[in-house]
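Colleague: I'm new to reading protein models. Could we look at one together, a piece at a time?

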Amino acid sequence: MLDSTLIRLSEDDNQAEVRLLPNKHAPLEITDLLELLNVEPFNQLSPILANLEEAVTQINKLTGKRAGEEELIFILAERNNCKIDISLNEDCMRAEMNLTAGWGDNQISIDDILAELTNSNIHLGIDKQKITEQLTELSSLSPGEQIKITVAEGQLPINGKDAELKRQVSLARERLLQPQIKTDGNVDMRNLGEINMVKTNDVLIEKIPADNGSKGFNLLGKELLPKSGKDTKLQAGPGTRIDPNNPLRLLATMTGQAVEVQGILQVDDMLTIKNVDIGTGHITFKGSILITGDVDAEMIVKSSGDITVMGFVDSATLEAAGDVIVNKGILGRQLTNNGDSQQLATKIKAQGQIRAQFVQYSELTAVGDITITKQLLHSVTHTQGKLTVSDGFNRHGDIIGGTVNANNGIVVVSIGAMSGTKTEVFCAMQEDEIRVQVQDRSLELKALVEEDDSLWIKINNLPPKDKWKHDHGVVAEIKEMLYEKNRFNQQRVNDEIELQQLQLELDQYFHVHNIEVSKCIFDNVTLHVGTASTVTQREHGPCRVIHKDKQIDFDYADHG
């Protein structure tokens, strides 16, 4: 063991020196020198491995020789403060710092970190409190150990909220799903309450304006622009006006029924009639129609608003620019069935929604959603929205026979019947259309980027300002170029966000658009979800029917 008096601190206290005589202290091993460094104050210094190896080699080499009688001095260790290494991620939104615990008392402080961040041109997004909390971990580390801490984070822009039109009145279609509560607390499914009417100057819609969102920034100071919320125009339909004292409110200008036609709210005159039969003849009315009784066979009812039938529709034709609401049932019969061609006596068409308690042997076509509260039997149904066949309590809601097609998904209690009735269901058939939209928007964005880059090259190649600052024509041209550049930047941000949203919609298309079954799918049901299809060979319990890897998949999770 070497004598501890052989080692001492250098004059500046930053190094450990050892003085050795080869003929006296050989043979020597590195462990002998490390033992000298294990005691105070030398254990606060960082060993220099190369010097330790050199000392051992030289001492052992000279032992027994005349040169071995001379004292040799070696620097074995040195004071080594904490090391700071800063790294930015690719989008310059997060700065991480690798800290290596040092030897000696001079540990790193928050001021050291702030100075290093300044040297790296990082001035934004610095969380001093977080850095201080994380620095406490450093004091518990042994010399040479490392920790990585996040020292600064950029701020993503917050996109503006779209304008919102909050309807303040109920529509006739909502009445069917609001049965009245009896005095004993039970629900009376036959009593759906009164038809809601509006009066002159009633507030129909309150508009909440869009906002611009807030800017973000990366750690190098670049502004990240948000996407402004989309405005939605408050439009006055027939029987309404914009409030002259408040442009964010839509008022009724007459007494009547509130109707939504192609997304625009209007107030219609109400034609009220008991029954539509051979005695009344066909009905065509500019406004909404309330039929307190039934619509008989072969009758035609057309409306520029809603059609509300309190009773039954039997083998008739109803066409509405708004909604068709049938409080009881829609009945029909099969006229012909030549192969795949099925002709049905009842035809219901709506530019809005269709709602009824039950439907049989009828053809339903709606731009909006279709909601049936009990049964959909042997019918042909097509909606660009969602099809719901359920009473809301999962007690009733069956699709049996016929063909249904719902672009935006299906919610149903059961599909098919124990007898194996042939039933065909189509859902989520528009994935290719969204894929084309993604491709088109990608090409548009690519063209915009190329145009933007070309303009940027022109700006960068401009001669020095001194040569053109007094030329008004050139100044005007440059101002126009800079204006275009700013416009491109904003358009590029908006297009990139829209492309991301379209891509997200495509990626999640089959996650959102599927068939939700709360009780059972019987056998002999043909299921189509997108390009995938299957015919059930057995009963399936509560499940979600989804498109997965180009095949139909029955997801029973959360449905047991």
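Predicted model: local features only at pLDDT ≥ 70, side-chain atom pairs only at ≥ 80, totals over all residues.

Colleague: Is His 547 buried or exposed?

Modeller: Buried means under 20% relative accessible area, exposed means over 50%, and partly exposed lies in between (1.4 Å probe, protein chains only). His 547 has a relative accessible area of 14%, so the term for His 547 is buried.

Colleague: Which residues does His 547 touch, not counting those up to four places away in sequence?

Modeller: Contact here means heavy atoms within 4.5 Å. By that rule, the residues that His 547 touches are Phe 510, Val 529, Gly 530, Thr 531 and Ala 532.

Colleague: What do β37 and β38 form, and which residue in the turn has a positive phi?

Modeller: Two strands pair if DSSP finds at least two bridges between them. Strand β37 (residues 525-529) and strand β38 (residues 532-535) run antiparallel and are joined by four bridges, one of which links Val 529 with Ala 532. With two residues between the strands, they form a hairpin, and the turn residue with a positive phi of about 60° is Gly 530.

Colleague: What is the strand order in the open sheet of three strands?

Modeller: Strands of a sheet pair through backbone hydrogen bonds, either parallel or antiparallel. In this open sheet the pairing is antiparallel, and the order is β5-β6-β7.

Colleague: Which strands stand at the edges of that sheet?

Modeller: An edge strand here has a single partner strand, so one side of it is left without a neighbour in the sheet. β5 pairs with strand β6 (residues 94-100) over six bridges. The strands at the edges are β5 (83-88) and β7 (146-153).

Colleague: At about what angle to β5 does helix α4 run?

Modeller: Axes are lines fitted to C-alpha atoms, for helices over the stretch in contact, and angles run from 0 to 180 degrees between N-to-C directions. Helix α4 (residues 110-119) lies across β5, β6 and β7, and its angle to β5 is about 45°.

Colleague: Is Ile 149 buried or exposed?

Modeller: Ile 149 is found in strand β7. Leaving aside neighbours within four places in sequence, its contacts include Ala 95, Met 97 and Ile 113. The relative accessibility of Ile 149 is 2%, so Ile 149 counts as buried.

Colleague: At roughly what angle do the axes of helix α2 and helix α3 cross?

Modeller: The axes of helix α2 (residues 30-37) and helix α3 (residues 49-62) come within 9 Å and cross at roughly 125°. Angles under 35 degrees count as roughly parallel, over 145 as roughly antiparallel, 65 to 115 as roughly perpendicular and the rest as oblique. That makes α2 oblique to α3, with a crossing angle of roughly 125°.

Colleague: Which residues of α2 meet α3?

Modeller: On the α3 side, the contact involves Leu 52, Glu 53, Ala 55 and Val 56. The α2 residues that meet them are Ile 30, Leu 33, Leu 34 and Leu 37.

Notes: Residues numbered from 1 in each chain as written. Heavy atoms only, no water.
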